[in-house]
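Here is a short report for a reader new to this structure. Take a look at the model before reading on.

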Amino acid sequence: MRKLVEKGVKWLLTLSGFVTSLVILLIIGFLFTEGAGLFRKKIIEEGYVLALNKENPVRTMTAEQIKAVFDEDVTSWKDLGGPDLAITTFRLEDVEKYFTEEELGAQYEYAGEKIAALVDANPGMVAFVPESMIPENAELNFIEDSNISPKDVFVGAEWFPTATPSSLFGMWPLLAGTLWVSFFAILFALPFGLSIAIYMAEIAPSKVRDVFKPLIELLNGIPSVVYGFFGLTIIVPLLQQVFGLPVGESGLAGSIVLAIMALPTIVTVAEDAMRNCPRSLREASLALGASKWQTVSKVVIPSSMSSIASGIVLGIGRAVGETMAVLMVTGNAAVIPHSILEPLRTIPATIAAELGEAPAGGAHYQALFMLGVILFFITFFINLCVEYISSRNKAKNR
Amino acid sequence: MNTPVFPVGQHLRKRRSQSVAFFVFTLLSYLIVLIFFVILGFILYKGASVISWDFLTQAPEDGMTAGGIFPAIVGTLLLMLGSAVVSFPIGIMSGIYMNEYASKGWVVKFIRLMTNNLSGVPSIVFGLFGMALFVKYLGFGDSILAGSLTLGLLSLPLIIRTTEEALKDIPDGIREGSLALGATKLQTIWKVVLPMGMPRIITGLILSLGRVSGETAPILFTCAAYFFPQLPTSILDQCMALPYHLYVISTSGTDIEAQQPIAYGTALVLIVIVLVINLLAGLLRKYFEKRLKIK
């Protein structure tokens with residue numbers, strides 16, 4: 001009986017030991033199945049077609065071209081490989097411009113025929129209409145619909161997830177925004193973080209250190225939404241005044257808030273690394289007549305460099321994945337940033353801001369999961385780097 | 001030119017560069033601590049005037065421009081409790097397995113790698129995952145249940161790590177002594193190893209609660225309600241939560257100006273929760289350290 005209990009408990013413990021691995025697998029599985037659906041989606045909105053005049057030879061258009069046409073940035077079929085003919089766009093909302101209510105019928109029952117006739121009469125027209133409206137015998141050409149391609153998603157330069165007739169899911173601006181903000185955050189945090197670490201490990205009397213240490217831990221414990229709120233009420237208006245910006249929400253505001261948030265990680269890791277520097281190294285340096293500062297800068301810091309590096313990488317990982325604080329202060333403009341003073345948008349902030357409005361199962365929803373996959377793999381890669389650095393350290397110290 | 005035999009100037013330079021460098025580091029450190037106190041002091045100053053008994057015990061009113069934050073406090077406490085139910089047992093058991101049962105080798109290495117990776121997964125990814133698995137696939141809907149499960153998984157790595165570290169520091173001689181007296185492995189763990197590791201395990205548990213109380217992104221799509229003035233009656237209800245409440249009233253709403261004081265109050269309550277939890281963990285650590293030293 002007792003043996004049975006022992007066995008049972010052992011199984012239970014083993015099972016729970018593998019829970020984290022299981023969760024990682026589940027995360028990958030769920031994010032991937034939702035995200036990969038994006039590449040089975042068509043570029044033109046579901047249930048709709050782009051109808052052309054039958055004389056028009058153009059058959060294929062990319063999502064970006066479709067958007068340009070309907071935004072009236074492209075105005076001639078010549079740019080799309082067709083005849084030199086002006087493009088007229090037609091959306092369902094425009095139907096009342098061309099026809100009276102009587103012509104369309106009370107339930108719009110004649111609308112399909114009328115639109116077909118309209119497109120037939122205008123050689124330069126492209127009509128964005130529901131597939132079901134078009135009469136079967138209409139002599140029209142249609143743009144061939146294709147699947148959203150990974151290339152459009154991963155290197156596409158425009159993120160317009162709710163544009164019609166075809167949304168653009170170019171993730172490059174979001175990726176660029178994430179990297180910009182994180183890069184500057186680490187740039188700001190690094191000098192301060194290392195200074196505090198050096199101060200706490202080498203200079204501060206133990207009493208001061210006993211005060212600083214819990215403070216830094218507390219800084220780590222404050223929720224990110226509080227930092228975001230602080231950034232929104234203090235840093236954003238301050239930046240707006242100092243730099244004379246139209247809006248204070250900017251990449252810089254995000255970087256500053258993130259820098260404050262990444263500080264504790266860097267300080268803790270770097271300080272631990274310096275404290276763990278072998279006493280013999282220090283003493284050898286001091287015995288050779290080096291001053292304390294020379295010992296710190298020439299012996300202690302170089303010898304703990306790789307641990308410090310893993311702390312920095314860890315801080316970058318934090319910054320890349322941080323959601324709420326960044327969402328609140330960066331202004332959320334999905335454009336490739338040209339300056340750190342412009343509003344920008346990061347991957348986590350995009351997911352947080354848009355998932356609530358994206359209909360489940362739609363292309364937008366799946367694109368956000370795809371963003372989650374990308375984010376997951378970025379941080380996964382960063383973590384592997386940290387693991388690699390610290391395992392190499394352990395091997396070296398042995 | 002005569003060069004002095006003893007490089008006196010070098011010695012001076014050495015001392016000067018040291019005092020300059022140390023002065024800069026000290027200055028920067030105090031600057032950061034100052035910034036920290038500015039953040040804290042600012043929120044304390046603005047929030048303290050809002051905090052009152054009514055603020056803590058009333059529901060929001062007038063489109064969240066008046067009234068209190070009681071439902072959000074209750075929601076956050078419920079989520080902390082729910083996530084604890086999920087993560088405490090699994091986390092501690094997993095930590096015990098890693099240190100006591102798993103054969104040292106690639107299994108432990110693999111699990112540790114996965115646990116570390118899980119702790120680095122951004123909280124918004126947990127949110128996505130929780131939404132896909134608990135809300136949609138398992139059909140819990142936006143609910144306290146789904147939110148607690150998501151937050152529980154999020155805090156697992158921290159608990160596993162602290163448990164493992166706490167047990168690792170217990171010398172093997174103690175285990176061997178217990179086994180030599182005829183106790184089984186399970187008895188040894190239950191009666192000897194766990195009680196000795198408990199202080200540090202509990203500290204880890206408390207800190208994980210602190211983390212859970214402030215997380216917003218994971219509950220965004222799994223649980224949090226914009227406005228849900230009555231208290232939840234079942235675990236399948238949505239609930240309000242302090243961090244999400246702070247987010248919505250400071251970024252959106254009917255009248256941001258009028259909501260501002262409430263936002264400061266909410267931020268203060270959140271900070272106080274974190275402060276109390278950190279203080280508690282610190283005191284506990286000190287208390288147990290003292291007790292262990294006497295022994």
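Which residues of β1(A) are buried on one side, and which on the other? Tyr48(A), Leu50(A) and Leu52(A) are buried on one side, and Val49(A) and Ala51(A) on the other.

## Model and confidence

This is a predicted model: local features need pLDDT of at least 70, side-chain atom pairs count only at pLDDT 80 or more, and totals for chains, interfaces and linings use all residues. Residues are numbered from 1 along each chain as its sequence is written, while chains are lettered from A and ligands numbered from 1 in the order in which they are written.

Chain A averages a pLDDT (the predictor's confidence in each residue, from 0 to 100) of 85. In chain A, 99% of the residues score at least 70. Confidence is highest in helix α2 (residues 19-36), at a mean of 92. Helix α5 (residues 101-104) is lowest, at 76. Helices (H or I, at least four residues) and strands (E, at least two) are DSSP runs, numbered from the N terminus.

## Strand β1

Strand β1 spans residues 48-52 of chain A, and five of its five residues are buried. Buried means 20 or more other C-beta atoms within 10 Å of the residue's own, with C-beta atoms placed from the backbone.

β1(A) has two antiparallel partners. Five bridges join β1(A) to β3(A), residues 125-130. Here Tyr48(A) stands opposite Pro130(A). Two bridges link β1(A) to β4(A), residues 141-142, also antiparallel. There Leu52(A) faces Asn141(A). Strands pair if DSSP finds at least two bridges between them.

## Helices α12 and α13

α12(A) (residues 279-287) and α13(A) (residues 292-303) pack at about 155 degrees, with axes 10 Å apart. They are therefore roughly antiparallel (over 145 degrees) to each other.

Conventions:
Buried ≥ 20, exposed ≤ 12 C-beta atoms within 10 Å, placed from the backbone. Axes fitted to C-alpha atoms, helices over the stretch in contact; angles between N-to-C directions. Parallel < 35°, antiparallel > 145°, perpendicular 65-115°, else oblique.
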